[in-house]
Amino acid sequence: SLVLAGSLIAGGGLAAAQSSLPSSGSAGSGDWTTTSYLKDEDGRSLILRGFNTASSAKSAPDGMPAFTEADLEREHEAMGTNFVRFLISWRSVEPEPGRYDQAYLDRVEDRVGWYAERGYKVMLDMHQDVYSGAIMADDTAGTGAGPIGNGAPAWATYTDGLPVEKQDRWELYYIQPGVMRAFDNFWNTTGKHPELMEHYANAWRAVAERFADNDTVVAYDLMNEPWGGSLQFETFEAGPLTDLYQRSTNAIRTVDQDSWVCVAPQAVGVNQGIPSALGKITDPRAGEQRIAYCPHLYPLPLDLGDGYSGVSKTLTDATMHTWRASIEQVATDVLGGAPVILGEFGLDTTLPGAQEYLDRVYTAAREMGAGVSYWSSDPGTWGPYLTDGTPTILVDTMNKAYPRAVAGTPVSWSSSVDRLELTYRNDPAVTAPTEIYLPAAGFPGDITVEGADVVGWDQDSRLLTVRSAADADDVTVTVSPAA
Ligand SMILES: CN(C)c1ccc(C(=O)NC[C@H]2N[C@H](CO)[C@@H](O)[C@@H]2O)cc1
């Protein structure tokens, strides 16, 4: 079919290439591809690309990111993203024990509406870093919106009077005695606070009750970068962490049967490629399990400020190999074939080799069939825009052709500046068309589509929709600028 810029000419044949779903590679083979995806309300498999929005929400009194609808319009226009890992906080959801702040959830719902109007899907991230803003005496108004940590409300922060001394690096607060104790009390390692995990699960139920019927909210990311305090690795991950995830999943399912529940491993070590010991979480819903796996990726050399070059590149490549094997193992063997979203990765885009690293991670995500939410949309050299609005290399890196919603199971896809190829196993039960984003940079005018019929072309959103013959088995669609 030939699509003329702004309009389309129907016609063109339907070619269905013969191929088959890849078997999942042997553990750690490095060529594993998921066969499981989050799906939209039309049953289409979602390929999710977007940002974490935003770190600025962590200590904001109203819990909202300093991210306006105009910022979202700019992001959508410049990069064609379709996904956001939106930061929310326990302190904002449950400011007092058992009281859920509906005005805060109203503010979250307003932002979700911004994304809905632009065709996005939202994953709500119950964010924490260093437990709570209440870990230090100068906690602002005792709400948990303090200057260092974020996440838990003040009433759920039990440091038991142990010291939390000022640190040069924020990460070091995690091992301060008062913070270790706050985590040990939350996980009830001390045996003194069995109520806190219950409150946490019930806070999730309150959030899910609000968004259960909102198709834009497609997933809940149960806890950001969990830290076990005195418990680490298997004792923590297979113990209280898996327990909290199961309890939160059960609580969510009392009000929301359809959203995916995303679970993350502990951050330390697993972000750097060490295998996770996370246990099985069982979804009590009828039908398919809707548990997803949301790991993060932060190779140590990059985190220490080295670029992606020299020894740092070698070590980072080794990290990514073990990291991919670990993801395959948890998603396949532990969670029974869960879809994967890379919940966070990022770096200072001004570092040497940054572009190559970004390309490598997005290639790995594409090969695995994983969604990606980049850390983060906040202004600065890590993000897409500097504080003065100057674009970083991230904007062009993100602004690439990709399939967004597929009427079947993606088998493989690839894209270059001016060509996209997608192979998927057609699902005749899905009547909605497959949706593909085509940036103006590579597709300035007319386009040629092979392997499927063009259903529509929206010049503003730059979304092409195509449909294969209902009886097609495996379909290969190729999109390129018209000759
Ligand atoms: C010691 N612990 C428990 C620790 C250390 C470092 C990180 C981290 O860098 N995380 C990577 C990014 N993720 C957060 C937001 O989720 C950002 O603030 C970090 O840069 C996490 C945990």
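**Entry 1: the largest cavity**

I sorted the lining of the largest cavity by class and got 8 nonpolar, 3 polar and no charged residues. For the classes I counted Ala, Val, Leu, Ile, Met, Phe, Trp, Tyr, Cys and Pro as nonpolar, Asp, Glu, Lys and Arg as charged, and the others, Gly among them, as polar. The lining residues are Trp90, Met126, His127, Gln128, Tyr131, Gly151, Ala152, Phe183, Phe186, Tyr200 and Met223. The volume of this cavity is about 70 Å³.

A note on the model: it is predicted, with local features needing pLDDT of at least 70 and side-chain atom pairs pLDDT 80 or more, while totals for chains, interfaces and linings use all residues. Residues are numbered from 1 along each chain as its sequence is written, and side-chain values use heavy atoms, with hydrogens and water left out.

My terms: on a 1 Å grid over the protein atoms alone, a cavity is a set of points where a 1.4 Å probe fits but cannot get out, a pocket is an open set with protein on both sides within 12 Å along at least five of seven lines, and lining residues have an atom within 4 Å of a point. Points are joined across faces, edges and corners, and a volume is the space filled by probe spheres set on them.

**Entry 2: the other cavities**

How many cavities of 30 Å³ or more are there? I found 3 by this rule. Among the residues that line it are Ser36, Tyr37, Leu38, Pro339, Val340 and Gly371. Its lining has 9 nonpolar, 3 polar and no charged residues.

The largest pocket came out at about 920 Å³. It is lined by 36 residues, and those closest to its centre are Trp170, Glu171, Tyr174, Glu225 and Asp303. I counted 16 nonpolar, 12 polar and 8 charged residues in that lining.

The second largest pocket has a volume of about 380 Å³. Of its 18 lining residues, Tyr362, Thr397, Lys400, Trp413 and Ser415 lie nearest the centre. Which element gives the largest share of this lining? That is helix 9, with 5 residues. Helices (H or I, at least four residues) and strands (E, at least two) are DSSP runs, numbered from the N terminus. By class, this lining has 7 nonpolar, 7 polar and 4 charged residues.

**Entry 3: helix 8 and helix 9**

I followed helix 9 to its partner. Helix 8 (residues 310-334) packs with helix 9 (residues 354-368) at an angle of about 15°, the axes being 12 Å apart. Axes are lines fitted to C-alpha atoms, for helices over the stretch in contact, and angles run from 0 to 180 degrees between N-to-C directions. The angle is why helix 8 counts as roughly parallel to helix 9 (under 35 degrees). The contact (heavy atoms within 4.5 Å) includes Trp323 in helix 8 and Tyr357 in helix 9. I sorted the contact residues into 7 nonpolar, 1 polar and 6 charged.

**Entry 4: helix 5 and helix 6**

Helix 5 (residues 195-211) and helix 6 (residues 233-253) cross at roughly 35°, and their axes come within 8 Å. Among the residues that meet are Tyr200 and Trp204 in helix 5, and Leu244 and Arg247 in helix 6. This contact has 9 nonpolar, 1 polar and 4 charged residues.

Conventions: Parallel < 35°, antiparallel > 145°, perpendicular 65-115°, else oblique.
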